[in-house]
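Let's take a walk through this structure, starting with the overall build and then moving into the sheets, helices and loops. Keep the viewer open as you read.

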Amino acid sequence: MGHSFEGYRRSNGRVGVRNHVAVIPTSVAASSVASAVADEAGAWARATPHQLGTSQPDPARRQTERVLVGTGRNPNVGAALVVELGTEDIDAETVADDIATTGKATETLTIRETGGTANALSEGAERLGRLKSEADRARREDADVSELVFGVECGGSDATSGIAANPAVGAACDRLVEAGGTASFSETPEFIGAEHILADRCVSGETRERILERVEAREGMAELMGVDLRGAQPTPGNQEGGLTTIEEKSLGAISKGGTTPIRGIVDYGDELPTNGGLVLMDTPGYDVESVVGKVAGGAQVVTFTTGRGSTTGNPLAPVIKVTGNPKTWDRMSNNIDVNAGTVFDGESIDSVGARVFETLVEVANGRRTEAEHRRLEEFAINEIQPEELTTEVNG
Amino acid sequence: MKGRVLDDALLRLSASDNVGTTVDDLESGTEIDADGRTVVLVEDVPFGHKVALEPVDSGGEVRKYGEVIGTATQAIEVGEWVHTHNCESTRGRGDRAAARGESA
């Protein structure tokens, strides 16, 4: 299609746009060691510290394990070190083995077995060194944009999000889908009030039913707990930015996926297809967890629209930030990659969409995003809550 | 951008909308030519917020993007700021379920 980039082709066929060595802790108890080992090694090593405990109820543990495995399997990862304290329900060896089925090198580090943190750090450094040699064998080669999985996110929304940044990113998604790639947006609570529009765009009755069911489940959580979604959605910041209701926020939010048919919806952290068109993921509205879900699903590049301003990034996937708020661009341009606020001066949505798409191709080709320059990285895994488990049991 | 900007001041995203979105911080008293009708702001309205282009009855639908975004909690006059003080969501209302005795 004339849009190519140089990427790292993995033996499972997926193409990475970066070649990081991931350092993946299985619990909060191994997170500090994972971060320390990665920091000591250098920028090529990327830790994914998180807050989840050593023991979780089964459905929650399965989801955590899926995200840990998906994180290591992301094509931007050239090799992975899985770190555990040694008391976790999740077994580091199993996680490493599931990552290794993509053909990349993996190792594990068990803090208790190495004899405490001092030894764990020196052992970890040694193992990371070996993994770096393995990852360094990858060479950049020609790849096509159709091989990209583009994760689309919004955070710190205001009224400009639905008018400028989201439709512009949507226009970029349309270009990518037209070229044969995959675009994915999520944040199911932000489908509430716009689900009828999404449902009408589904290619199958099954996808349509699934989307409506997921929206009902997220909305039902509020009813189950006897709380009013208005306290949290739109957030106080969204409200200050002009968004009055969740319906208004959702109607603006869904435009970031573009206008192509919806081909499916996958669970949180599940693998997203390549050459898949527009595919949704069922995630919470908390943006860091939502980005991580899509990265675990295989997204090599993420775009993040913001009206009020955000510094967010991800350890493994470059995050392209786009704002439609001219004041936010003036204040925070060193944290934001694309200015979509120009639509208020007359630039067309399609023209801004073309700039977002060009940025996507350049970033895939190695250009670092503002968040990458500053090593602004956030990582959090969604934990299924006890109330959700009850709902699941009760159907 | 989608929709039409009225008098360089208000963006009407869809012809069926009864609110417009300000494209700048606007002061009380600002007069906006909305397709031949004059909308006078009765209060200051910040950038990105909504202004009623038509009167809305209490309990009436507030429309933006050509869709219903909420209901008016009180009567709204043309030129008024439309936000959480006079418009509310109809979705995710666990408080109403609780009032009906349906919550867990």
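**A tour of the fold**

In chain A, 74% of the contacts with a separation of 6 or more are between residues 24 or more positions apart. Bear in mind throughout that this is a predicted model.

Staying with chain A, the inventory comes to 15 helices and 14 strands. Its radius of gyration is 20 Å, close to the 21 Å that the globule rule gives for 395 residues, so chain A is as compact as a globular protein of that length. As for burial, 59% of the 395 residues of chain A count as buried.

Now for the sheets. One of them is an open sheet of 7 strands in chain A, with parallel pairing and the order β10-β11-β9-β8-β12-β13-β14. At its edges stand β10 (262-266) and β14 (338-339) of chain A, and each has a single partner strand, so one side of each is left without a neighbour in the sheet. Strands of a sheet pair through backbone hydrogen bonds, either parallel or antiparallel.

Zoom in on β12 (residues 301-306) of chain A. On one side, β8(A) runs parallel to β12(A), and 5 bridges join the two; here A:V152 stands opposite A:T303 in β12(A). Strand β12 of chain A also pairs in the parallel sense with strand β13 (residues 319-323) of chain A, over 5 bridges. In that pairing A:F304 has A:K321 in β13(A) as its bridge partner.

What about burial in this strand? 6 of the 6 residues of β12(A) are buried, so the strand is largely enclosed by the rest of the structure. In a regular strand the side chains alternate between the two faces of the sheet. Both faces of β12(A) are covered: A:V301, A:T303 and A:T305 are buried on one side, and A:V302, A:F304 and A:T306 are buried on the other.

A helix to look at alongside this sheet is α6(A). It lies across β8 (149-154), β9 (182-185), β11 (277-281), β12 and β13 of chain A, and runs at about 170° to β8(A). Of the 20 residues of α6(A), 18 are buried, so the helix is largely enclosed by the rest of the structure.

How does the span of helix α6 (residues 159-178) of chain A compare with what its 20 residues should give? At 1.5 Å a residue they should span 28 Å, and the end C-alpha atoms are 28 Å apart, which agrees. There is still a kink of about 35° in α6(A): find it at A:N166, shortly before the proline A:P167. Just after α6(A), A:G180 takes a positive phi of about 105°.

Next, the other sheet to visit. It is an open sheet of 4 strands in chain A, ordered β4-β3-β5-β6, with parallel pairing. Its edge strands are β4 (45-47) and β6 of chain A, each pairing on one side only. On average, neighbouring strands of this sheet are turned by 20° against each other, direction ignored. Within the sheet, β3(A) and β5(A) run parallel and are joined by 6 bridges, with A:A22 opposite A:A80 in β5(A).

This brings us to helix α2 (residues 58-73) of chain A. Its 16 residues should span 22 Å at 1.5 Å a residue, and its end C-alpha atoms are 22 Å apart, which agrees. α2(A) is mostly covered, with 12 of its 16 residues buried; among them are A:A60, A:Q63, A:V67, A:L68 and A:V69. The cover over the buried residues of α2(A) includes β3 (20-25), β5 (77-84), α3 (92-100), β6 (105-110) and α11 (287-296) of chain A.

Most residues other than glycine have a negative phi, and most peptide bonds are trans. A:E187 is not a glycine, yet its phi is positive, at about 65°. You'll find A:E187 in the loop between β9 and α7 (195-200) of chain A.

The second case takes us to chain B, where B:D35 has a positive phi near 50°, again in a residue other than glycine. B:D35 sits in the loop between β4 (31-34) and β5 (37-40) of chain B. Are these two residues buried or exposed? A:E187 is buried, with 27 other C-beta atoms within 10 Å, whereas B:D35 is exposed, with 11 other C-beta atoms within 10 Å.

Notes: Residues are numbered from 1 along each chain as its sequence is written. Chains are lettered from A and ligands numbered from 1 in the order in which they are written. This is a predicted model: local features need pLDDT of at least 70, side-chain atom pairs count only at pLDDT 80 or more; totals for chains, interfaces and linings use all residues. The radius of gyration is taken over C-alpha atoms; the globule rule is 2.2 Å times the number of residues to the power 0.38. Two residues are in contact if their C-beta atoms, placed from the backbone, lie within 7 Å. The expected span of a helix is 1.5 Å times one less than its number of residues. The bend at a residue is the angle between axes fitted to the seven residues ending there and the seven starting there. Two strands pair if DSSP finds at least two bridges between them. Axes are lines fitted to C-alpha atoms, for helices over the stretch in contact, and angles run from 0 to 180 degrees between N-to-C directions.
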